[in-house]
Amino acid sequence: MRTIGFLIQKEFIQIFRNKTMLPLIFALPVVQLVILVNAATLEMDQIDMTVVDIDRSVTSREMIRKFEGSPFYNVKAAGLSLEHAERNLKDNSADIIFYLPQGFERDLSERDEADVQLLINAINSMSAGLIDAYTTAIITDFNNQLLFNRLGQKFELPVEIRARYYFNPQLDYNIYMLPGILVILVTIIGVFLTAINIVREKELGTIEQLNVTPIKKYQFITGKMIPFMVIAFVELAIGLVIGHLFFDLPMEGSYGVLFLFTFIYLLVALGFGLFLSAISDNQQQVMFVVFFFLLTFILMSGIFTPTESMPEWAQAVNVINPFAYFMKVIRMIILKGSGLADIQSEIYSLLLYAAIILSLAIWRYKKVS
Amino acid sequence: MKRFLAFVQKELQHIFRDTRTMLILFGIPVAQILIFGYVIKNDIKDVHIAVYDQSKDEYTQKITSKLTSSGYFILNRELSDMNNIDRIFKEGEVKMVVVYGNDFSKKMNGRGDASVQLLTDATDPNRANLITNYSGAIIRNFVREEFHIDKLPVEINAKTRMQYNANLANVFMFVPGTMALILMLVSAMMTSISIAREKELGTMENLLVSPLRPAQIVIGKVTPYVFLSVINAITILVLGVFVFGLPIRGSLTLLMLESILFIILSLSLGIFISTMSPNQQVAMFISLFALMLPTLLLSGFIFPVENIPAFLQWLSVIMPPKYFIIILKNIMLKGAGFAFVWKETLVLAGMTLVFIILSVKKFKLRLE
């Protein structure tokens with residue numbers, strides 16, 4: 001125990017005397033969290049719309065006014081040429097072209113129906129889908145207004161459909177993204193620092209000095225893990241505080257459960273870092289291995305898109321993706337208040353994972369070079 | 001010149017003798033393209049729902065079977081009361097609970113006030129929104145069919161056309177994005193690490209006392225990486241075109257020239273990082289950690305830049321990938337020529353120049 005204590009003390013001294021790394025370790029995640037949560041948004045509130053109103057009737061103008069009145073749209077008229085308007089789409093000054101053809105109003109009153117066209121810049125398919133949904137909703141709204149004027153009463157289907165959103169009635173995207181980004185930041189720091197650490201000792205030759213001491217393998221690994229685990233916990237705590245102060249992040253669940261799960265998760269994540277460093281020869285190599293795994297795991301973790309939409313084989317791969325577990329569970333605990341019973345299968349999986357990866361790391365770390 | 005070539009050869013040997021790093025360097029673009037092409041999907045598919053049916057009559061059963069036969073939803077369980085809905089969402093599997101009011105069929109045929117509630121787990125707000133929209137549309141369609149309401153008394157039909165990308169294939173987003181991310185990170189990481197490594201191991205001094213000039217050393221260091229990165233860029237394009245059917249509507253030559261410009265920019269950023277880093281650890285930390293997430297999130301790769309708050313738009317102005325992605329998209333998808341992208345090209349060239357000047361200044365300081 002005393003041996004481990006000294007090893008930990010050594011690591012902390014090395015961390016705190018490194019005046020270049022220390023500020024980076026703490027400042028980078030904080031700055032990134034604050035900035036990136038704001039950036040990772042799919043809420044559309046600046047839709048640039050170019051209107052081509054060939055009809056120029058009372059009804060068409062009324063309809064355009066609907067969009068002008070919406071805080072989500074910047075409406076711009078573009079004369080009478082569709083080709084001209086399409087240039088706006090091409091040079092990115094418009095996200096959508098709203099085209100009202102000749103005879104729009106006449107068709108509505110004579111044939112009871114009329115067509116309008118929406119041309120959407122669909123290069124980003126996710127936002128194109130949302131723009132389509134928003135715009136169609138406003139048109140439907142206008143349609144209902146016309147129905148009301150025509151019938152003198154609301155036109156309704158014989159069924160009323162009501163929607164209710166649990167846990168996040170404001171549909172705030174920030175509180176959904178923040179825990180996800182926090183998971184990534186905490187993990188990168190932890191994995192990066194542990195992975196680099198042992199390889200660095202290898203490359204500089206100092207590991208041989210440790211190898212000739214009577215320190216046992218498990219003591220060495222524990223001594224390497226605890227300091228970085230402490231740092232990862234501090235990062236998580238800072239992140240949560242930032243969430244509460246600046247983003248109204250709720251905490252529906254218990255901190256006890258969250259920290260317990262974080263502990264188990266970090267055993268896996270740091271164990272992974274140790275394992276990678278044990279199989280690498282130098283810092284450059286371990287860096288690229290870490291980069292490869294982190295990038296793949298992050299993209300597959302379900303931070304941007306739900307894991308349930310992935311194909312079966314990808315969901316199977318996710319069994320070895322530590323991010324996927326934590327991404328799911330941290331959102332459950334923070335946003336929904338899920339308890340131990342709800343996350344027990346994830347806990348068992350990660351415990352098993354930790355046992356395997358740590359054994360592998362200890363086994364691969366050889367005391368002779 | 002001969003000395004210089006010998007130096008480039010030395011660098012190439014350094015790179016090629018480490019097979020594991022080589023594998024990863026060439027594996028990363030392939031893996032990433034495949035992930036984006038096959039794994040990252042936003043479709044609604046097999047969403048688990050629960051049903052609390054207070055009527056259990058003809059219409060409610062028909063609606064439930066419409067929902068589950070649509071392919072979007074799977075019936076996870078039936079509930080017998082409303083008390084445990086919170087609980088069920090907390091378990092995490094069920095994303096929506098459909099609650100039918102009582103006497104559903106009778107009310108629907110009678111006064112027309114049948115009610116159905118769609119309760120969703122909105123922790124992922126966009127998803128909750130989509131699920132609600134999909135299920136709402138299915139129910140509305142069912143009712144319109146059942147009551148033969150095929151046309152409203154007045155109806156505006158909005159015909160949507162998705163320009164440049166008719167089937168909403170994600171390939172148009174992820175190929176340019178992947179190119180920017182991989183070229184940027186790999187180039188910056190490789191150069192910054194390789195120079196910091198020579199410093200850390202003390203071999204930089206050997207190089208500096210050699211007859212090679214500092215500029216030759218730096219250029220010699222980055223030349224192999226230009227080739228490596230060009231191969232990566234070609235890999236990504238080939239996969240994009242042949243596996244995912246990405247069209248390249250503009251000029252291929254222009255596309256490659258712009259890519260090389262971006263590679264040189266990333267390499268000079270890498271050199272700049274290495275001049276600020278005392279050792280490999282710092283160099284890697286900056287080039288990996290400080291570049292990865294911002295490149296993913298601030299460049300308009302996954303999240304459109306227009307949506308982000310104004311103060312962040314300012315920040316995205318200094319993100320090189322942002323311009324590169326605009327250039328790529330314009331050339332590939334819109335077939336735009338140089339006239340459409342000269343501004344962005346100029347910005348990238350300017351940034352390269354700034355990094356080179358800064359690095360040269362720093363480099364000199366260290367030699368004195």
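This is a predicted model: local features need pLDDT of at least 70, side-chain atom pairs count only at pLDDT 80 or more; totals for chains, interfaces and linings use all residues.

Author: Happy to. Let's start with one pair of residues: A:Ile161 has B:Val116 as its bridge partner in β4(B). Residues are numbered from 1 along each chain as its sequence is written, and chains are lettered from A and ligands numbered from 1 in the order in which they are written.

Strands here (E, at least two residues) and helices (H or I, at least four) are DSSP runs numbered from the N terminus. Two strands pair if DSSP finds at least two bridges between them; β5(A) and strand β4 (residues 114–121) of chain B run parallel and are joined by eight bridges.

That pairing belongs to an open sheet of five strands with mixed pairing, in the order β5(A)-β4(B)-β3(B)-β1(B)-β2(B). At the edges stand β5 of chain A and β2 (73–79) of chain B, each with a single partner strand, so one side of each has no neighbour in the sheet. From one strand to the next the twist averages 25°.

Two helices of chain B lie across this sheet. For the angles, axes are lines fitted to C-alpha atoms, for helices over the stretch in contact, and the values run from 0 to 180 degrees between N-to-C directions. Helix α6 (residues 125–146) of chain B lies across β5 of chain A as well as β1, β3 and β4 of chain B, at about 160° to β4(B). Helix α3 (residues 58–69) of chain B lies across β1 (47–53), β2 and β3 (96–100) of chain B, at about 140° to β2(B).

Now for the whole meeting place. Two residues are in contact if their C-beta atoms, placed from the backbone, lie within 7 Å. The contact between the chains takes 99 residues from chain A and 95 residues from chain B. Elements giving two or more residues to the chain A side include β4 (113–121), β5 (159–166) and α7 (174–204). The most comes from α6(A), with 15 residues. By class, the chain A side divides into 58 nonpolar, 22 polar and 19 charged residues. Here Ala, Val, Leu, Ile, Met, Phe, Trp, Tyr, Cys and Pro count as nonpolar, Asp, Glu, Lys and Arg as charged, and the others, Gly among them, as polar.

Next, the cores. A nonpolar core is a set of buried Ala, Val, Leu, Ile, Met, Phe, Trp, Tyr and Cys residues joined through C-beta atoms within 7 Å. Buried means 20 or more other C-beta atoms within 10 Å of a residue's own, exposed means 12 or fewer, and partly exposed is in between, with C-beta atoms placed from the backbone. The largest core has 186 residues, of which A:Ile181, A:Phe192, A:Val290, B:Ile49 and B:Met189 touch the most other members. α7(A) gives the most to this core, with 19 residues. Leaving out residues up to four places away in sequence, A:Val290 touches A:Val191, A:Phe192, A:Ala195 and A:Leu276. A second, separate core of 28 residues includes A:Met49 and A:Leu89.
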